[in-house]
Amino acid sequence: QVQLRESGGGLVQSGGSLRLSCSASGRFFSLNSMAWYRQAPGKQRELVAQKVARGGATDYADSVKGRFTISRDNNKNILYLQMNRLESEDTAIYYCNWRYKPNSETNWSDAWGQGTQVTVSS
């Protein structure tokens, strides 16, 4: 299976920038998509950005559109989330997600990282 590990979170002032990284390890047969989710205290986990593996099409939540960019380093199996013009509403734990097939006989499986804290101060 695939294991994911996020890094790059921290404390930043409003208007600042951070880049999150998600490093993947393990084996997989094929990859469908990659995504970043976030969860703030008292709220449900929400989709922030996603990227289709084949073709690279991307989608963003309206709240981050124009400020965040999701990208992938194919050779290193690293997923990035560049976050610019951060706002207090962006404060949350950010999680990396891969939807993949462990082998050709299975349906899609989801891998999740442990999360990295992003705190935006005013």
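Predicted model: local features only at pLDDT ≥ 70, side-chain atom pairs only at ≥ 80, totals over all residues.
Student: In what order do the 4 strands of the open sheet stand?

Tutor: Strands are DSSP runs of E with at least two residues, numbered from the N terminus, and two strands pair if DSSP finds at least two bridges between them. Here the open sheet has the order 1-3-8-7, with antiparallel pairing. Strand 1 (2-7) and strand 7 (68-73) stand at the edges with a single partner strand each, so one side of each is left without a neighbour in the sheet. From one strand to the next the twist averages 15°, where axes are lines fitted to C-alpha atoms and angles run from 0 to 180 degrees between N-to-C directions.

Student: How many bridges join strand 3 to strand 8, and which residue stands opposite L20?

Tutor: Strand 3 and strand 8 (residues 78-83) run antiparallel and are joined by 6 bridges; L20 stands opposite L81 in strand 8, and S23 has I78 as its bridge partner. Strand 1 and strand 3 also pair in the antiparallel sense, over 6 bridges, with L4 partnered by A24 and S7 by S21.

Student: What does T116 touch?

Tutor: Contact means heavy atoms within 4.5 Å. T116, in strand 11 (residues 116-121), is buried, with a relative accessible area of 9%, and the residues it touches, not counting those up to four places away in sequence, include E6, S7, L20 and Y94. A polar atom of the T116 side chain lies 3.2 Å from the backbone nitrogen of G9.

Student: Why is the pair of F28 and W98 edge-to-face?

Tutor: A pair of aromatic rings is described by the distance of the centres and the angle of the planes. Rings of Phe, Tyr and Trp (its six-membered ring) pair if their centres lie within 6.5 Å, and planes under 30 degrees apart count as stacked, over 60 as edge-to-face and the rest as tilted. By this rule the count comes to 2 aromatic pairs. The ring centres of F28 and W98 are 5.6 Å apart and their planes stand at 90°, so this pair is edge-to-face. F28 lies in the loop between strand 3 (18-26) and strand 4 (30-39) and W98 in strand 9 (residues 92-101), so the pair ties together parts that are 70 residues apart in sequence. F28 is partly exposed at 29% relative accessible area, while W98 is buried at 0%.

Student: Which ring does the charged end of R45 sit over?

Tutor: A charge sits over a ring if NZ of Lys or CZ of Arg is within 6 Å of the ring centre and within 35 degrees of the ring normal. The charged end of R45 sits over the ring of Y95, 3.8 Å from its centre, and K101 lies over the face of W108, at 5.2 Å from the ring centre.

Note on methods
Residues numbered from 1 in each chain as written. Heavy atoms only, no water. Buried < 20%, exposed > 50% of the residue type's maximum accessible area, 1.4 Å probe, protein only. Polar contact = N/O pair within 3.5 Å; in protein donor to acceptor, adjacent residues only side chain to side chain.
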